[in-house]
Amino acid sequence: MSLYLCEYCCSVAAPAIKDELGWSESEKGFVLSAFYWGYALGSIPCSFLAQKYGAKWLFGLSILVPSVLTLLVPIACRTSLGMALLCRSILGLFESATFPALFQFYPVWIPLGEKQLMISVIVSGIYIVSFRAPSASLLPSSLYMFCACSLLVLTAPCWCVCYCSRCLQGEVLG
């Protein structure tokens, strides 16, 4: 959900970015649509990658790379229009792996009796974003906050695994 919030915040902030960087309306449109170029290009290949190599790492990359790239979008926009297009295209390419990876998880991780409820709850996050994002994007720092939350959600389990494995080995000092 936080990745879609990052994406939505970019589109809400686009008029202010356009004015700040002196872009024309068509340049702003190209930068916003560049995300969907990458997303469309990556959707089908990401589905094959999730089936062939497993969804766990693909899903992790679909959170990590867009979170980092969203933090770098302002730098890319100030560098050049081409860098902004490239950054947003790669962002869309990696984010296109989210749904194929999720749909690989559903049959394995969700019990059959709970599938309808769980999938509805997971997918409803996108609609919550479209309702909540306009108010969240009023602050310039909100984009960074949601990307940082995405990175935290991704890295927190890694720290827990490292800490627990050290606890089992008796390496953690109390």
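1. Ground rules. Residues are numbered from 1 along each chain as its sequence is written. In this predicted model, local features need pLDDT of at least 70, side-chain atom pairs count only at pLDDT 80 or more, and totals for chains, interfaces and linings use all residues, while side-chain values use heavy atoms, leaving out hydrogens and water.

2. The cavity. The structure holds one cavity of 30 Å³ or more (a set of points on a 1 Å grid over the protein atoms alone where a 1.4 Å probe fits but cannot get out). The volume of the largest cavity is about 100 Å³ (the space filled by probe spheres set on the points, which are joined across faces, edges and corners).

3. Its lining. Residues with an atom within 4 Å of a point count as lining; among them are Trp23, Lys28 and Arg88. Helices H1 (2-21), H2 (25-53) and H3 (55-79) each give two or more residues (helices are DSSP runs of H or I, at least four residues, numbered from the N terminus). H1 supplies the largest share, four residues.

4. Helix H5. For the twelve residues 98-109, 1.5 Å a residue predicts a span of 16 Å, and the end C-alpha atoms agree at 16 Å apart (the expected span is 1.5 Å times one less than the number of residues). Buried residues here include Leu102, Phe105 and Tyr106 (under 20% relative accessible area, 1.4 Å probe, protein chains only).

5. Leu72. This residue sits in helix H3. The Leu72 and Cys87 C-alpha atoms are 7.9 Å apart, with the two residues 15 apart along the chain.

Notes:
Buried means under 20% relative accessible area, exposed over 50%, partly exposed in between (1.4 Å probe, protein chains only). On a 1 Å grid over the protein atoms alone, a cavity is a set of points where a 1.4 Å probe fits but cannot get out, and a pocket is an open set with protein on both sides within 12 Å along at least five of seven lines; lining residues have an atom within 4 Å of a point.
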